[in-house]
Amino acid sequence: MQRVSLAVLQSGMTVAGNVRGADGRLLVRNGMVLTDASIKKLASLGIGSVYIRNPLFEAIDVPELVREDTRVKLIRALQTAFAGYQKSGDLDTAALRGEVKTMVAEIVGNRESMIHTFDLRTYQDYVYAHSVNVAIISVLIALSLDYNEARLIDLALGALLHDIGMLAVPKDIILKVGNLTPAESEAMQRHVNDGFEIIRKRREISTLAAHVAFQHHERIDGTGYPRRLKGDNIHEYARIVAVADIFDALIADRPYRKGMLPHEAYEIMMTLADKYLDKAILDIFLANVAIYPVGTVVRLSGGETAVVASVRPRLQARPVVKILLDAAGAVVENGPDLDLAEHLTVFVTKVYKEHELFELRAFAAGLRNDGGGATQ
Ligand SMILES: [Fe+2]
């Protein structure tokens with residue numbers, strides 16, 4: 001099966017696996033063939049992507065760090081908490097804490113999994129989905145720093161709430177395309193102070209977690225804001241969240257640009273060591289993120305098209321791939337696995353973007369045809 005985001009779903013595709021809403025209600029049944037109406041319904045329910053049957057992908061199992069319904073529940077809980085705050089001025093984090101515990105337990109249980117960014121880029125509602133992604137990445141980094149459960153939960157809460165101060169920033173500034181005026185950027189930067197003030201009033205959240213909101217735009221070289229803190233003067237929580245925040249922002253689609261692919265974001269991240277980001281923490285992150293996530297379709301130097309089947313930490317640039325199409329574009333039935341760590345003369349020369357996959361005729365045929373239709 002293959003994960004396909006809603007923007008490129010087409011009628012005729014067959015759903016693989018049940019899709020449930022945040023409340024556990026069954027929304028779409030396994031095996032259902034999508035119609036335009038059902039795709040619209042999924043969009044209205046806030047579902048970002050679904051698994052689709054594709055004979056070419058039969059053997060590909062995309063590992064999930066956090067279950068889909070856990071992610072959805074967390075996004076909803078965050079939305080509810082933010083909306084409640086806007087209404088009453090009171091931030092109720094009780095429900096949030098319950099969901100955070102579940103999320104942390106799942107990441108601890110899946111700690112051998114890497115960050116496969118395909119399952120991070122799903123929802124359209126930027127602030128909430130982004131905050132949940134930042135929390136997930138932060139927890140995974142902190143696991144390598146041997147945080148215990150209590151600290152993981154504390155950090156995750158800080159990460160989830162890090163941008164709560166954005167509620168006070170006018171929407172037109174947040175969505176503005178192009179450079180901000182000095183006054184606009186001052187209004188934007190104020191979100192770190194506002195966020196800190198909101199969170200630190202909550203007795204059930206630690207002061208350290210509140211400092212994530214306050215310090216997540218500080219830079220290791222002292223050029224950040226609001227206080228131009230340097231190096232270790234920035235709390236470790238905030239140094240972790242800064243790494244997660246920048247990476248997820250790079251791969252997310254924004255109103256003014258398409259999100260980068262993971263390998264592009266990876267290269268940008270590497271250049272930020274010792275400038276924006278703490279190098280030791282960045283290195284932990286880079287060792288845990290898949291440059292070519294499982295399910296990525298790539299072209300190889302020999303002209304074949306292949307799908308990434310597995311990735312190992314520290315060998316991210318040399319994944320195991322499964323050949324899908326030969327150099328002439330013909331489908332290779334049960335294509336062989338090729339371990340690029342052993343075949344050092346084979347290189348990834350192109351990573352297909354999701355919409356480009358549909359331009360590969362054999363590929364698109366497989367997606368729109370439940371079983372056997374791949375060899376068109
Ligand atoms: Fe921020």
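Predicted model: local features only at pLDDT ≥ 70, side-chain atom pairs only at ≥ 80, totals over all residues.

Colleague: How far apart in the chain are Arg202 and Asp90?

Modeller: Their side chains meet in a salt bridge, with N to O at 2.7 Å. Arg202 sits in the loop between α7 (182–200) and α8 (207–215), while Asp90 is in the loop between α2 and α3. So the pair links distant parts of the chain, 112 residues apart.

Colleague: Is Arg202 buried or exposed?

Modeller: The cut-off for buried is under 20% relative accessible area. Arg202 has 19%, so the label is buried.

Colleague: And which label does Asp90 get, with its relative accessible area of 42%?

Modeller: Exposed needs over 50%, and buried needs under 20%. Asp90 has 42%, so the label is partly exposed.

Colleague: Which residue does Arg67 form a salt bridge with?

Modeller: Look for the partner whose closest N and O atoms are 3.3 Å apart. Arg67 is in the loop between β4 (49–52) and α2 (68–88), and the partner is in helix α3 (residues 94–109), 39 residues apart.

Colleague: How many salt bridges does a search of the whole structure find?

Modeller: Here's the general idea: side chains of opposite charge can pair when their charged atoms come close. For the whole structure, the search finds 12.

Colleague: On to the metal: what is the arrangement of the 4 donor atoms around the iron ion?

Modeller: Asp163 (OD), His191 (NE2), His216 (NE2) and His217 (NE2) coordinate the iron ion at 2.1 to 2.3 Å. Tetrahedral would need all angles between 85 and 135 degrees. Here they run from 82 to 170°, so the arrangement is irregular.

Colleague: How many residues apart in sequence are the parts tied together by His191 and His217?

Modeller: The donor residues are spaced D-x27-H-x24-H-H in sequence. His191 lies in helix α7 and His217 in the loop between α8 and α9 (236–251), so the parts this pair ties together are 26 residues apart.

Colleague: Last one: is His191 buried or exposed?

Modeller: His217 is partly exposed, with 24% relative accessible area. His191 has 2%, so the label is buried.

Methods
Residues numbered from 1 in each chain as written. Heavy atoms only, no water. Salt bridge = Lys/Arg side-chain N within 4 Å of Asp/Glu carboxyl O. Helix = DSSP H or I, 4+ residues; strand = E, 2+ residues; numbered from the N terminus. Buried < 20%, exposed > 50% of the residue type's maximum accessible area, 1.4 Å probe, protein only. Donors = N, O, S within 2.8 Å, 3.2 Å for Na, K, Ca; no water. Tetrahedral: all angles 85-135°; square planar, octahedral: opposite > 155°, others 65-115°.
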